Amino acid sequence: MDIARHIALIDELCHRPFPAGHGPSDVGAGAPGHFTAVLATSRGLRGGCPAERAVTVEQYEKDRDALHERLAARWGEEGDPLNLQTVLLRTDREEIPEPWAGLSASARVAYLWEAGGTGRWIALAVADRDEADEVRLLAVVTEKAPP
């Protein structure tokens, strides 16, 4: 993992204009009000060996934690990580805005920061909820505060 490259991308997304519509972008996906950058992906592990998947999840969690350390040094600790399971359960009874609804469907926990002076929130998460899908290390940059 190239921490410096990932942090540079997050910094860029904190200042890049959001797209007018939904769709793929050069970093992963974009939509009005947010970007979801795929920092790493386990292409080819869909429905693969559970042991290999577990190793990949563990590595991506370590990568997420390493990024967390660097970003926390810059923006400080925002408190406990966001429990996305709780957000996912809330989607049954209330309207949860994107990107939070989508992130809660794919990941279990996210580290959060409000990027000072930008009006944007940053979330780091490991998308591993769907066993039939690839594992992804994600950085979400959005103007919407977490629910």
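Helices here are DSSP runs of H or I with at least four residues and strands are runs of E with at least two, all numbered from the N terminus. The model is predicted, so to speak plainly about cut-offs: local features need pLDDT of at least 70, side-chain atom pairs count only at pLDDT 80 or more, and totals for chains, interfaces and linings use all residues. Residue numbers start from 1 along each chain as its sequence is written, and side-chain values use heavy atoms, with hydrogens and water left out.

**View 1. The lining of the largest pocket.** Strand S2 (28-31), strand S3, helix H4 (100-106) and strand S7 each put at least two residues into this lining. S2 gives the largest share, 4 residues. A pocket here is an open set of points on a 1 Å grid over the protein atoms alone, where a 1.4 Å probe fits and protein lies on both sides within 12 Å along at least five of seven lines; lining residues have an atom within 4 Å of a point. The space comes to about 230 Å³, counted as what probe spheres set on the points fill, with points joined across faces, edges and corners. Of the 17 lining residues, Ala-29, His-34, Thr-36, Gly-102 and Leu-103 sit nearest the centre. Sorted by class, you get 7 nonpolar, 8 polar and 2 charged, with Asp, Glu, Lys and Arg as charged, Ala, Val, Leu, Ile, Met, Phe, Trp, Tyr, Cys and Pro as nonpolar, and the others, Gly among them, as polar.

**View 2. Helix H2 and what covers it.** Just past the helix, Gly-76 takes a positive phi of about 85 degrees.

**View 3. Two aromatic pairs.** The whole structure holds 2 of these, meaning Phe, Tyr or Trp rings (six-membered ring for Trp) with centres within 6.5 Å, called stacked under 30 degrees, edge-to-face over 60 and tilted otherwise. Phe-18 and Phe-35 have ring centres 5.3 Å apart and planes at 35 degrees, so this pair is tilted. Both residues are buried. Trp-75 and Trp-113 also make a tilted pair, at 6.4 Å and 50 degrees. That one links helix H2 to strand S5, 38 residues apart.

Terms used:
Buried means under 20% relative accessible area, exposed over 50%, partly exposed in between (1.4 Å probe, protein chains only).
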